[in-house]
Amino acid sequence: MLVVGLTGGIGSGKSTVSAMLADHGAVIIDADAITRELQEPGTEVFVAMVERFGQQIVASDGSLDRQAVADVVFADPEALADLNAMVHPAVGSEIANRLAAAADAPVPDGATAPIVVLDVPLLVETGRSDVAAVIVVDTDPDLQMQRLVQQRGLDAADASARMSRQATRQERLDRADQVIDNTSDLDHLRSETDRVWAWLCDLQASPSSEAAE
């Protein structure tokens with residue numbers, strides 16, 4: 001199978017691209033979705049987080065109050081490091097499990113091996129290198145800020161703090177094998193994603209491609 005990484009800054013439109021690639025037939029392993037699953041009430045990660053940060057991060061219905069967590073960790077580098085130490089190893093282990101499951105899944109006669117997309121927001125920050133290619137969804141930082149405020153309801157200070165904790169635009173572009181431009185409308189984004197999907201299919205078919213196991 002061919003395993004590639006998909007990343008982009010917060011508000012870049014990466015989740016929309018991920019959904020478009022899934023429509024093409026890609027197997028998506030979504031690190032954010034895995035994180036949410038691992039932070040469900042009663043899980044080891046949830047319990048560890050409450051022990052570290054207190055009941056203030058628990059919503060009235062018993063679920064994790066993600067905004068409360070963000071309010072704590074984005075203002076305190078030590079708290080953020082502690083959170084990452086709780087969450088990242090568990091997420092990495094689950095990603096490995098899902099990659100193994102994808103590799104072991106039977107391939108129907110006449111079908112090609114799957115193209116697996118690791119949808120990882122912090123792929124560049126963590127230095128992950130066990131992928132055959134890196135795809136970056138790119139947009140202007142000012143547009144990112146606008147989307148975070150207008151579409152996600154974050155205040156400007158919160159949005160700026162979250163963006164500052166991620167790799168810079170140039171750092172992501174320096175790692176990119178393919179760049180999907182998301183500075184225009186949805187039709188343009190779909191066209192960009194279609195182009196990259198065609199490239200991935202060619203890469204998969206190439207004898208010299210390095211398919212990560």
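1. The largest pocket is lined by 46 residues, and those nearest its centre are Asp32, Pro121, Leu122, Arg162 and Gln166. A pocket here is an open set of points on a 1 Å grid over the protein atoms alone, where a 1.4 Å probe fits, with protein on both sides within 12 Å along at least five of seven lines, and lining residues have an atom within 4 Å of a point. The model is predicted, and totals for linings use all residues, whereas local features need pLDDT of at least 70 and side-chain atom pairs pLDDT 80 or more. Residues are numbered from 1 along each chain, and side-chain values use heavy atoms, without hydrogens and water.

2. The volume of the largest pocket is about 1,500 Å³, taken as the space filled by probe spheres set on grid points joined across faces, edges and corners.

3. Helix 5 (77-104) is among the helices that each supply at least two residues of this lining, and its eight residues make up the largest share. Helices are DSSP runs (H or I, at least four residues) numbered from the N terminus.

4. Helix 7 (141-150) also contributes at least two lining residues. The axes of helix 7 and helix 8 (residues 156-164) come within 9 Å and cross at roughly 130°, with axes fitted to C-alpha atoms over the stretch in contact and angles running from 0 to 180 degrees between N-to-C directions. Helix 7 is therefore oblique to helix 8, the class left after under 35 degrees (roughly parallel), over 145 (roughly antiparallel) and 65 to 115 (roughly perpendicular).
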